[in-house]
Amino acid sequence: MADMKTQARAVVIGGGVVGVSTLYHLARKGWSDSVLIERKELTSGSTWHAAGLLPLFNMSYSVGQIHKYSVRFYKELGEETGMNVGFSNVSNIRLARTKDRWDEYMYYAGVAETLGIPLNILTPEQLKDIWPLCETDGILGAIQHPEDGYIQPADLTQALAKGARDHGATIYRHTTVTAIEQMPDGLWLVKTDKGDITAEHVISCTGNFARKTGAMVGLNVPVIPVEHQYIVTEPHPAILARKAKGLPEMGVLRESDSSWYMREENGGLLLGPYEHGAPCCYMDAPSDDSEYELFDGDLDRLMPHIETAMVRVPAFGEVGVKKIYNGAIAYTPDGSPIIGPAPGLKNFWLNEGHSFGVTAAGGAGWQLAEWIIDGEPTIDMMGVDPRRFGPYATEGYLKAKNEEAYANVFTMHYPDEERAAARPLKTTPCYGRMKALGAVFGSVYGWERPNWFAPPGYEVPAGELGLGADVLTNHNHAPPLEDGRIVERWSFRRSNYFEHVGNEIRNVHERAGLMDMSAFAKMEVSGPGARAWLHSILANSLPKKRGRIALCHLLTKAGGVKSEFTVYEWGPGRFYLVSAGAYEAHDHDVLMKLAPTDGSVQLSPITQTYGVLVLAGPRSRDILTKLTRTSLENKDFPWLSGKQISVGTTTAHALRVNFVGELGWELHHPIEQQNALFDQVMEAGAEFGLTPFGIRAMTAMAVEKSYRLIPRELSIEYTAWESALDRFVKLDKGEFIGRDALVAAKAKGPNWSFVTLEVHGVSDADARGNEAIYTPNGDLVGRATHGAFGFRTGKSLALAMVKPGYSAEGTELDIRILGKIHKAVVVGESPFDPENAALRA
Ligand SMILES: Cc1cc2nc3c(=O)[nH]c(=O)nc-3n(C[C@H](O)[C@H](O)[C@H](O)COP(=O)(O)OP(=O)(O)OC[C@H]3O[C@@H](n4cnc5c(N)ncnc54)[C@H](O)[C@@H]3O)c2cc1C
């Protein structure tokens, strides 16, 4: 081997399919002086033994786009490199045996259609034509992705390697990265057993070694692999006969309701189940000499799936098992990979945690190269951003969550599903009080938050639980409470909690409600340069007067929305920034990386220091007045202002803002005083009918106000103009990030327009986001980004991004919800109280 280079623009660590794709895309985009380092042979980690399936199916908008790119790119890569990547474009078929599964597919059809992924809907008879060895008893129907199939992972990786080398990149095999250090000038020193390299950027693509690599730079990478098995059978005469006749391969078959996939393999069949009880592995990373490693097969764990496979495809049981592959598959707590910047480190990137890495490698490498070279990705990556997890995701948490994510690959991805493992983890002080009041909790960023409140003694009738005894993925409800009651059934449609959420909303609207929003991400920005710095990065003007509150967006250079902050100057030169709880690590990392390093600005993350109780509704002034001497009258305490006030025996920064569109105050208080505050507010509110309310009520009320959210209507894919943020963008204030792009975009005109739609004829399924929107002649012109039933307006509503020209009020469109077309009419922004009279009351 020639001497190793001592300098490179970027060093990619790991020569699996993901690392090599990253190198390829960096080199293709012009960074030919990039280097890849692999400790053994390329593909010798998880890549070589992958089943090679390329499932386009994914409910995530980010992952869906990544998979779509990969499948199309792999088809071109063979031509570009002259190498055969072994792409068998046999299609991918998913069976449905339950009504809920069908709803899931019909919901997914919207994701696919709006992403431009072709999808066929098959009857059982059409399925039988394509897959004659499949019994169709009990099958309601199927969906088919005609564009996908499977690929030879090792051949794909070698083609990517050739492509990368053709573009000038270098690959070092049998070279191990042993340490990584950031030098004072910001460059990275990558130490290997064959010499050291300095680089501007380092990209970790180390598969099952992810945590070990992360530890080299002090990162807690939320990846631990899980064992995954597939079985390959001996050839079957019926398949050999089909081949002899020149009949096409039967396609990849997925029996989602029994949690397995199957495809032809060398005249036999390959069966891959996702079992319950598959354990995490490589807790301390594979050993130093590990390569091409497999574990012993565990047939017992596979048996329930094998039995259902033999019923569905009897041929599978008619031939012997040739080999069981049991290998490590990297997992994260939510099953999606982590692709993007490492929190807290400049120019260190992660492309890890891939459980469908062969499928995702192309798109992941493509977007990461955009991000590294241009500073931003071009598609919304929030669903895969490494910073969607925080420091709470430690080893024990990961073990519980990753095993859960694996076991749930094929369970129904209900929009209201809340998974149970590793909970409760982070609780606010009033958790117990909320629980006693009937709170049904959801989890965000590790925090428990009340989603809604079940009445005393309430339970879902037993007949509504479970999907049928003969399906393995039979799970359609939250786990029982301590007293054994099950209070929530999940659904794609309005479910049992619908009317209770409605009651919460009515109470907030007519009287008052109290909600725990302590999970909000909070940051204090202070120091002599704080105002000027915030002014220079945020699109809105900072409030000039202390005590005023502004909603401020941090944009990308292209003018899309990256983060949203409520900004309030709570002390002279001290700014309090509040953003979504789910994005704490993201938002704080983004701020820290932008902050000046000359000491003029200090950033103090204070999420854990302050709790937030939201008091909202027309009686909230009456309630709060009982607890404070501060005047709450409009003239003294107008909408969009804040003050530190004494409340009962506690103190709080009361911010006159909320996300529900009613009179109210958010009480940001020292978290250790939360229960005192909670008890006093509840007691003061008793005579006014104060009751608690949850996130589901808040979300439905926010839709009625047309409030935009990241990553729905606000995303890096839409400019601030397209998301109709005009009133929060001040072009005349001077430079800020994204300003130039917004000026140019204004001249050019938008590609999208944000609209609010009233959906007609809805009886039991409101839009949720991702539904396709058409003209009355059936032309696709947009996608819903959110939706809910508005209990105050009595209307089923959707928020959507549509092509310009379809955004005028009164425009009649169609929306497809769970397969059914409904009329959807563009209405004015904020169908509830467009004048904000309640907020200003
Ligand atoms: C049984 C099974 C079936 C599967 N089937 C499919 C499928 O059908 N479709 C699909 O999309 N996915 C499938 N997968 C998942 C797929 O295998 C992985 O997602 C994918 O291979 C991950 O690729 P990677 O490049 O991230 O990791 P790897 O292939 O594991 O590559 C990581 C590389 O990093 C190297 N490395 C680590 N540390 C260092 C260091 N310090 N210095 C130098 N090099 C280092 C390792 O040697 C390794 O080669 C399957 C997995 C299993 C177990």
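In this predicted model, Glu687 is exposed, with a relative accessible area of 57%, and its side chain meets that of Lys626 in a salt bridge at 2.6 Å, N to O. The two residues belong to distant parts of the chain, 61 residues apart: Glu687 sits in the loop between α16 (674-685) and β29 (691-692), while Lys626 sits in the loop between α15 (620-625) and β26 (642-647). Lys626 is partly exposed, its relative accessible area being 43%.

A search of the whole structure finds 45 salt bridges, among them the pairs tabulated here.

| Pair | N to O distance |
|---|---|
| Glu687 and Lys626 | 2.6 Å |
| Lys435 and Glu482 | 2.7 Å |
| Asp257 and Arg101 | 2.8 Å |

Lys435 forms a salt bridge with Glu482, and because Lys435 lies in helix α11 (residues 431-436) whereas Glu482 lies in the loop between β18 (447-453) and α12 (498-510), this pair ties together parts that are 47 residues apart in sequence. Lys435 is partly exposed, with a relative accessible area of 33%, and Glu482 is exposed, with a relative accessible area of 75%.

Note on methods: Residues numbered from 1 in each chain as written. Predicted model: local features only at pLDDT ≥ 70, side-chain atom pairs only at ≥ 80, totals over all residues. Heavy atoms only, no water. Salt bridge = Lys/Arg side-chain N within 4 Å of Asp/Glu carboxyl O. Helix = DSSP H or I, 4+ residues; strand = E, 2+ residues; numbered from the N terminus. Buried < 20%, exposed > 50% of the residue type's maximum accessible area, 1.4 Å probe, protein only.
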